[in-house]
Amino acid sequence: MSPSAPRGTSRGRRPLVAGAAAAAVVVAVDQVTKLLAEQRLEPGQRVDVLGDVLGLTLYYNSGAAFGLGTTLTPFISSFAVVACVVMVVALTRTTRPAWGLALGLLLGGALGNLTDRLLRPPGVGRGEVVDFFQLPSFPIFNVADICVVTGACLVVLLSLRDVPFRDPLPAAPPTADTAGGADGPGREP
């Protein structure tokens, strides 16, 4: 199969499948770990996992990254919906599996936190995101946050390495006008 296989072929679907699978796994792991955190941790009570390096602390975040913008939760939720739509469209357009994975990580992380904002108290579009990983001198975060950052780093890396988002289109086959007949290439008779 050629490197520029159309979307309908097996190779052409690979980025979409990789991205969708990554997003599904991220959302599932994110939501399960949040459920476990809520079942096993008390809000604000740190449980050391690796001494002072890594702890678990249940925290409900009504803001954006790092707890900023706590009064903007409905706007943040709306922005997340738009971002998810953009990522899905991009995922259907890329022909490169690495880009599919990067977009899938971003999409899964965004959907994981959006799920909290839509389904958790205090209400639809205003829900609090469950965070629980704690590092020294760093805001508390969750699996979705890890995947958003990892996906974003992968996007930067792919861009810096000039990995194209799409395979180049195949060259058009020569026509009678461009193939060069008796009068030479592309000449009018």
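Residues are numbered from 1 along each chain as its sequence is written, and side-chain values use heavy atoms, with hydrogens and water left out. Because the model is predicted, local features need pLDDT of at least 70 and side-chain atom pairs count only at pLDDT 80 or more, while totals for chains, interfaces and linings use all residues.

Start by selecting helix 2 (73-93) and helix 3 (97-119); helices are DSSP runs of H or I with at least four residues, strands are runs of E with at least two, and both are numbered from the N terminus. Helix 2 and helix 3 pack at about 150°, with their axes 9 Å apart, where axes are lines fitted to C-alpha atoms over the stretch in contact and angles run from 0 to 180 degrees between N-to-C directions. The two are therefore roughly antiparallel, a term for angles over 145 degrees. Their contact (heavy atoms within 4.5 Å) includes Ile76, Ala80 and Cys84 of helix 2 and Leu103, Leu107 and Leu114 of helix 3. The residues of this contact divide into 14 nonpolar, three polar and one charged; Ala, Val, Leu, Ile, Met, Phe, Trp, Tyr, Cys and Pro count as nonpolar, Asp, Glu, Lys and Arg as charged, and the others, Gly among them, as polar.

Now turn to the largest pocket, which holds about 740 Å³ of space. A pocket here is an open set of points on a 1 Å grid over the protein atoms alone, where a 1.4 Å probe fits, with protein on both sides within 12 Å along at least five of seven lines; lining residues have an atom within 4 Å of a point. The volume is the space filled by probe spheres set on the points, which are joined across faces, edges and corners. Select Ala64, Ala65, Asn113, Asp145 and Val148, the closest to the pocket's centre of its 29 lining residues. The lining has 21 nonpolar, five polar and three charged residues.

Finish on the backbone. Pro121 and Pro122 are joined by a cis peptide bond with omega about 15°, and Pro122 lies in the loop between helix 3 and strand 3. Ser137, in the loop between strand 3 and helix 4, has a positive phi near 55°.

Technical notes. Parallel < 35°, antiparallel > 145°, perpendicular 65-115°, else oblique.
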